[in-house]
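Have a go at each one before you read its solution.

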Amino acid sequence: MQTADGKCRDGHFSALSTDHLALLFELIDRHAFGGETLKMLAITGHRLEFRLARRMTHCGGKTTTTIRPGKSQKSFEIAISPKLIFDSFVHQSTVVVTGVKCETPLDALTRIMEHEMLHLLEMALWNNSSCSRQRFKSLAHNWFGHLESNHRLLTPREKAVQQFSIRVGNQVSFRFENTTLIGRVNRITQRATVLVPDPFGQRYTDGTRYRKYYVPLGQLQRIA
Ligand SMILES: [Zn+2]
């Protein structure tokens with residue numbers, strides 16, 4: 001697969017176009033379903049378009065279906081968030097998408113596209129689709145080996161904001177060896193890096209000495 005600037009090395013790419021999305025869809029369809037999805041779309045007259053949703057940050061992909069009254073043809077749109085895919089790999093070398101560990105952005109994009117393809121197929125065949133229902137989960141597991149039917153691709157930082165309301169810069173407290181420590185969140189990866197002022201700690205650029213703690217997000221209490 002090539003990108004807009006013509007480069008895709010080892011599953012890493014720097015840009016994405018809707019042509020790439022269409023090509024990926026075609027390849028997945030060919031491998032998983034012998035090309036039957038695109039054939040079905042051609043026979044039924046359903047339309048399929050791809051979109052790069054640059055502002056979409058809450059999930060990696062989204063499939064929408066437009067049904068016009070009195071018409072049997074449906075319009076499908078698969079929107080993909082390039083930002084979320086790229087951002088996910090900035091602070092971590094692997095991300096988990098659909099319950100599957102992804103080593104590269106192309107891996108993650110492929111899992112997302114597989115998930116969206118199932119949404120499209122469910123909508124085309126049954127007029128409804130939900131990835132929290134058993135039918136979807138079985139399809140996702142049987143066809144693609146997905147272990148979770150969840151199309152949210154959150155970076156740890158986004159997860160921290162959404163689940164725990166914790167952001168970089170927040171003042172937080174946490175328990176450590178039977179005392180409560182207060183510090184500031186400096187970095188969020190799988191855990192938060194919290195800097196706690198400590199005369200014996202390392203001197204930072206602001207002139208203050210801090211000791212660094214790696215704290216699971218769920219153990220932080222936000223103070224400010
Ligand atoms: Zn879904």
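**Exercise 1.** Which residue in β12 does V172 stand opposite?

*Solution.* Before starting, note that this is a predicted model, where local features need pLDDT of at least 70, side-chain atom pairs count only at pLDDT 80 or more, and totals for chains, interfaces and linings use all residues. Residues are numbered from 1 along each chain as its sequence is written.

Step 1: find the elements; helices (H or I, at least four residues) and strands (E, at least two) are DSSP runs, numbered from the N terminus. Step 2: β8 covers residues 171–176 and β12 covers residues 221–222. They pair (DSSP finds at least two bridges between them) in the antiparallel sense, over 2 bridges. Step 3: the residue opposite V172 is R222.

**Exercise 2.** Find the bridge partner of Q171 in β9.

*Solution.* Step 1: β9 spans residues 179–188 and is antiparallel to β8, with 6 bridges. Step 2: R184 is the partner of Q171. Step 3: look at the hairpin, where 2 residues separate the strands and E177 has a positive phi near 45 degrees.

**Exercise 3.** Explain why the length of helix α4 agrees with its number of residues.

*Solution.* Step 1: the expected span is 1.5 Å times one less than the number of residues. Step 2: α4 (residues 105–126) has 22 residues, so it should span 32 Å. Step 3: its end C-alpha atoms are 31 Å apart, which agrees.
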